[in-house]
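Please keep the sequence and the 3D view open as you read.

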Amino acid sequence: MQERRGVRGVKSAARTVALLELLAGRGEEPSRLDQLAQDLGVPRSSMYQLLQTLVDSGWVRTDATGSLYGIGIRALLTGTGYLDGDRRIRLVRPYLDEASDVLGETIHMARLDGRDVVYLATRESHEYLRTISRVGRRVPAHAGALGKALLAERTDSELPFGDGPLTALTENTHTDRAALLADLDGVRERGYSIDREETVPGIAGFGFALRYGTPVVDAISCSVPVARLTPEHEARVVTVMRDVRARIESRPPPVSGEPDWR
């Protein structure tokens, strides 16, 4: 348990958060009591009491037998509140609509969170061949266009990675730190990132960091199936997305008294 500003963390609160994050990360895969207790290093009796409290309040759901557990509907309400209450997301959404209409491709907004990026908004393509994503999805930052665009805004010493190998999502994902650093140098030189089937096979992405705050934590991207990514279409994607980024960044800062969340 870490201390911040002289205040020691509350153990029960930390345990509750860890449990909710674990259940949310497992998505459709239900969990059993013994498994959760083991994964979090919590006594079985304590985990049972915590689960029942969260089931009663709607944060965790259980099946008819009472032996399987998953994330509850209250988590959705909280996530929606986060999206609705963030002025940056509200600012960017209309530009995502515009880029999707102009390009006919899938457009994303995401935010850096530790070693991952979290999808905050998505506009799906209407084409038959299209990428499928969802708000709330987490992707390792080193593995895709959004994350690499944001990592390139940091010096090599500021990158949130250790010395070990990086997780591979496809055979094209950078798992070697030196290769990733070389790629980030290219991102800085071009001004945008390129993901060629590094996150999802058959999908290319182009990422653009939004430099409307410090540190830079938000980015937008365009995802395109490689089956229809001609050189001409790629050039058009880059041109449109650069223009969209410039117009987003030109918007005025928050008015006095309005929070600018970090």
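## Helix α1

Helix α1 has 16 residues (residues 11-26), and at 1.5 Å a residue they should span 22 Å; the end C-alpha atoms lie 23 Å apart, which agrees. The expected span is 1.5 Å times one less than the number of residues. Helices (H or I, at least four residues) and strands (E, at least two) are DSSP runs, numbered from the N terminus. The model is predicted: local features need pLDDT of at least 70, side-chain atom pairs count only at pLDDT 80 or more, and totals for chains, interfaces and linings use all residues. Residues are numbered from 1 along each chain as its sequence is written, and side-chain values use heavy atoms, with hydrogens and water left out.

Which residues of α1 are buried? They are T16, L19, L20, L23 and R26. These cover an arc of only 130° around the axis, which puts them on the same side of α1; the arc is that of the directions from the helix axis to the C-beta atoms. Buried means under 20% relative accessible area, exposed over 50%, and partly exposed in between (1.4 Å probe, protein chains only). On the other side of α1, K11, E21 and G25 are exposed. Just after the helix, G27 takes a positive phi of about 55°.

## What α1 packs against

The buried residues of α1 pack against β3 (31-32), α2 (33-40), α3 (44-57), β4 (60-62) and β5 (68-71). Contact here means heavy atoms within 4.5 Å.

With α3, the packing angle is about 75° and the axes are 11 Å apart. The two helices are therefore roughly perpendicular to each other. R15, T16, L19 and L20 of α1 make this contact with S46, M47, L50, L51 and L54 of α3. By class, that gives six nonpolar, two polar and one charged residues. Axes are lines fitted to C-alpha atoms, for helices over the stretch in contact, and angles run from 0 to 180 degrees between N-to-C directions. Angles under 35 degrees count as roughly parallel, over 145 as roughly antiparallel, 65 to 115 as roughly perpendicular and the rest as oblique.

## Helices α4 and α5

Now for another pair: α4 (residues 73-85) and α5 (residues 87-103) pack at about 70°, with axes 5 Å apart. That makes α4 roughly perpendicular to α5. Y82, L83, D84 and G85 in α4 meet R87, I89, R90 and R93 in α5. The residues of this contact divide into three nonpolar, one polar and four charged.

## Helix α7

At 1.5 Å a residue, the 14 residues of α7 (residues 177-190) should span 20 Å, and the end C-alpha atoms are 20 Å apart, which agrees. Its buried residues are L180, L181, D183, L184, G186 and V187, and they pack against α6 (145-151) and β9 (193-196).

## Two buried loop residues

L229 sits in the loop between β11 (218-225) and α8 (231-249) and is buried, with a relative accessible area of 16%. Beyond its neighbours within four places in sequence, L229 is in contact with R196, A204, F206, V224 and E234.

S125 lies in the loop between β7 (116-123) and β8 (138-140). Is S125 buried or exposed? S125 is buried, at 5% relative accessible area. S125 and G104 are 21 residues apart in sequence and 5.6 Å apart in space, C-alpha to C-alpha.

## The whole chain

The protein chain has eight helices and 11 strands. Buried residues make up 42% of its 262 residues.

Technical notes. Ala, Val, Leu, Ile, Met, Phe, Trp, Tyr, Cys and Pro count as nonpolar, Asp, Glu, Lys and Arg as charged, and the others, Gly among them, as polar.
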